[in-house]
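Hello,

Here is the structure we spoke about, with my notes below it. Please look through them when you have time.

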Amino acid sequence: MATERVLHMKGGAGETSYSKSSLLQRKVILKAKHVLEESVKRMMSNTTYESCWKIAEIGCSSGSNAIMVVSDIMNIIGNTSLNLNHGSPVFQIYLNDLFGNDFNTIFKLLPDFYQSISQRKGDKVGACFIHATPGNFYGRLFPNNYIHFFHSSYSLHWLSQAPKDSTSIGKPLNKGNTYITSTSPPSVYQAYFEQFERDLKLFLKSRSEELMSGGIMVLTFIGREKAREIKSPWVVIGMVLNDMVQEGLIEEAKLDFFDLPLYGPTAEEVRQVIDAEGSFKIETLKIIKMSWDANLQEDVDGSFLDSITRGEFIAKYIRAVFEPLLAVEFGEDIMDELFSRFAKLVAELTELETLEYTNLIVSMTK
């Protein structure tokens, strides 16, 4: 089945929904806020006075994180416009994600969002019009020279499809695994990077055609620091599925032919692809490290948390991201068991090593 038909975060507002389990993604957005502010101000300095700013949030998912980013961008533009005596700007905001995304959860937040704007905007901000733009961001979404600013957080590590090894048609690319591991052969690395390269080049070309001259784009996604560094929750998912195959709970062939459609690039790989595509000039490229259970440690003193609590916390937000995709392939009836085992295995790993995400933040100008 086409990835764009089944890839989406878990919808609704239940305990295992993305809306309730995306605190880590929120913290990443907050960590990248200084880059966002610098980039928005650069956009305004690159552009003649605009009475209406067109902003697009790519890969908005569901829940309040996208609304938080929109609010931040509006405040930055409003404050800067006020300082320049430009009057109150108007905003057209476009929220993009794939067709199966739970846009309704975002829409239900809008009445309170609009009310908060009217209460605090004063003379800084004019009207705000928010639109849903469903579609695959690996391709065109908007007319030529239309958008001023693109923002995307935790979306670009997702690929348009799982990679394939062109030299082994009909054979598993990565038998017994769902992602690259430290023992994967070079052909697996190559297949993943080539798919990432094709996708990112198409993304950059599409956005460059849609951006106005001098337009800005800020992207944040999961990467890695070293060429052979593979330590991620999706590797742990593969380990759990392998155990379940050995116990006869999952068909071996299903696991052998299932590869997760995501890739964590190095900063150098990102720079290489952006430079090769040629539409953008990189202004900022930063790395931010963050623990897998970062938000849990922030809310409660991490030194007093046992490994079981940490494992369950990590499993909850990973389930909100991966369950819809895994359920299509392996069945909904095994999801509770899969993520229960995942939580236990992660708990064991937290006692042995430091588990961190490498987040890449890149700001670029058309």
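Asn145 sits in the loop between strand 3 (128–134) and strand 4 (147–153), where strands are DSSP E runs of at least two residues and helices are H or I runs of at least four, numbered from the N terminus. Asn145 is not a glycine, yet its phi is positive, about 50 degrees. Most residues other than glycine have a negative phi. Asn145 counts as partly exposed because its relative accessibility is 46% (buried is under 20%, exposed over 50%, partly exposed in between, with a 1.4 Å probe and protein chains only).

Tyr154, also not a glycine, has a positive phi of about 60 degrees. Tyr154 lies in the loop between strand 4 and helix 7 (186–210) and is buried, at 10% relative accessible area.

This is a predicted model: local features need pLDDT of at least 70, side-chain atom pairs count only at pLDDT 80 or more, and totals for chains, interfaces and linings use all residues. Residues are numbered from 1 along each chain as its sequence is written, and side-chain values use heavy atoms, without hydrogens or water.

The protein has 13 helices and seven strands, and 57% of its 366 residues are buried. Of the contacts (heavy atoms within 4.5 Å) between residues at least 6 apart in sequence, 84% join residues at least 24 apart.

Helix 12 (residues 307–330) and helix 13 (residues 335–350) have axes that come within 8 Å and cross at roughly 140 degrees (axes are lines fitted to C-alpha atoms over the stretch in contact; angles run from 0 to 180 degrees between N-to-C directions).

Regards
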